[in-house]
Amino acid sequence: MFSSFGKYKSVLQFILTFLGSYLVLTVLYRAYLHFFRSDLYPPDPVTYVVAQSSEALLQFFGYTARVIPSTTVAAMDLYLEGKYLAIIIEGCNALSIIVLFSAFVLAFWNGWKSTLVFIGLGALAIFVVNIGRIALLSVALYRYPDHTEFLHGTLFPAIIYGFVFLLWVYWVRRFTKNESP
């Protein structure tokens with residue numbers, strides 16, 4: 001029975017490493033959220049920075065944008081061209097996506113330096129792409145409010161998850177050691 005595990009050692013190692021690191025990183029993320037938990041505003045610092053950065057990007061491209069702390073929940077209200085458009089909540093900050101990204105990269109470990117540098121640079125790239133995604137989504141929601149469900153629920157999540165998938169493919173193809181069975 002144990003001899004058959006030998007054939008699948010690398011698969012089992014990947015699964016256990018992925019699940020273990022995902023669990024640890026998720027617990028750390030939940031602790032972070034608990035530390036900054038508030039029934040009032042403002043939201044956690046990363047969500048606040050994402051909202052402020054999205055506002056700045058929209059303004060850079062000539063839009064009149066403003067984000068202010070919500071008066072009802074720990075989030076930021078987004079106004080575009082003077083119109084209330086959306087709320088930026090903790091789920092918009094991409095940290096949970098960065099946790100998932102990091103767990104996958106850790107499961108394809110390639111030494112301390114390259115793995116941690118890739119996680120750091122990948123997390124930064126995801127953060128930046130997410131800010132662009134929120135700004136672009138804001139403009140799309142402003143211009144096409146009848147398509148909110150598709151834009152928010154399908155198209156724009158596909159952007160961030162598609163980007164993460166491309167980072168994963170790049171990591172696996174470029175940086176992991178080739179092991180022949």
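Visitor: Does Ala94 count as buried or exposed, and at what relative accessibility?

Guide: This is a predicted model, in which local features need pLDDT of at least 70, side-chain atom pairs count only at pLDDT 80 or more, and totals for chains, interfaces and linings use all residues. Residues are numbered from 1 along each chain as its sequence is written, and side-chain values use heavy atoms, with hydrogens and water left out. Buried means under 20% relative accessible area, exposed over 50%, and partly exposed in between (1.4 Å probe, protein chains only). Ala94 therefore counts as buried, at 1%.

Visitor: Where does Ala94 lie?

Guide: Helices (H or I, at least four residues) and strands (E, at least two) are DSSP runs, numbered from the N terminus. Ala94 has a positive phi of about 70 degrees although it is not a glycine. Its place is the loop between β3 and α4.

Visitor: What is the phi of Glu81?

Guide: Glu81 lies in the loop between β2 (76–80) and β3 (83–88). Its relative accessible area is 34%, so Glu81 is partly exposed. Glu81 is a residue other than glycine, yet its phi is positive, near 55 degrees.

Visitor: Which side chain of opposite charge is nearest to Asp44?

Guide: Lys and Arg count as positive and Asp and Glu as negative, while His and the chain ends are not counted. A salt bridge is a side-chain nitrogen of Lys or Arg within 4 Å of a carboxyl oxygen of Asp or Glu. Asp44 is buried and has no salt bridge. The nearest side chain of opposite charge is 9.3 Å away and belongs to Arg30.

Visitor: Which side chain is joined to that of Asp44 by a polar contact of 2.7 Å?

Guide: A polar contact is a pair of N or O atoms within 3.5 Å; within protein, one must be able to donate a hydrogen and the other to accept it, and residues adjacent in sequence count only if both atoms are side-chain atoms. Asp44 sits in the loop between α2 and α3 (45–60). The side chain that makes this contact with Asp44 is that of Tyr32.

Visitor: How many aromatic pairs are there?

Guide: Rings of Phe, Tyr and Trp (its six-membered ring) pair if their centres lie within 6.5 Å; planes under 30 degrees apart count as stacked, over 60 as edge-to-face and the rest as tilted. By this rule, the count is 15.

Visitor: What is the angle between the planes of Phe14 and Phe108?

Guide: The ring centres of Phe14 and Phe108 are 5.0 Å apart. The pair is tilted, with its planes at 55 degrees.
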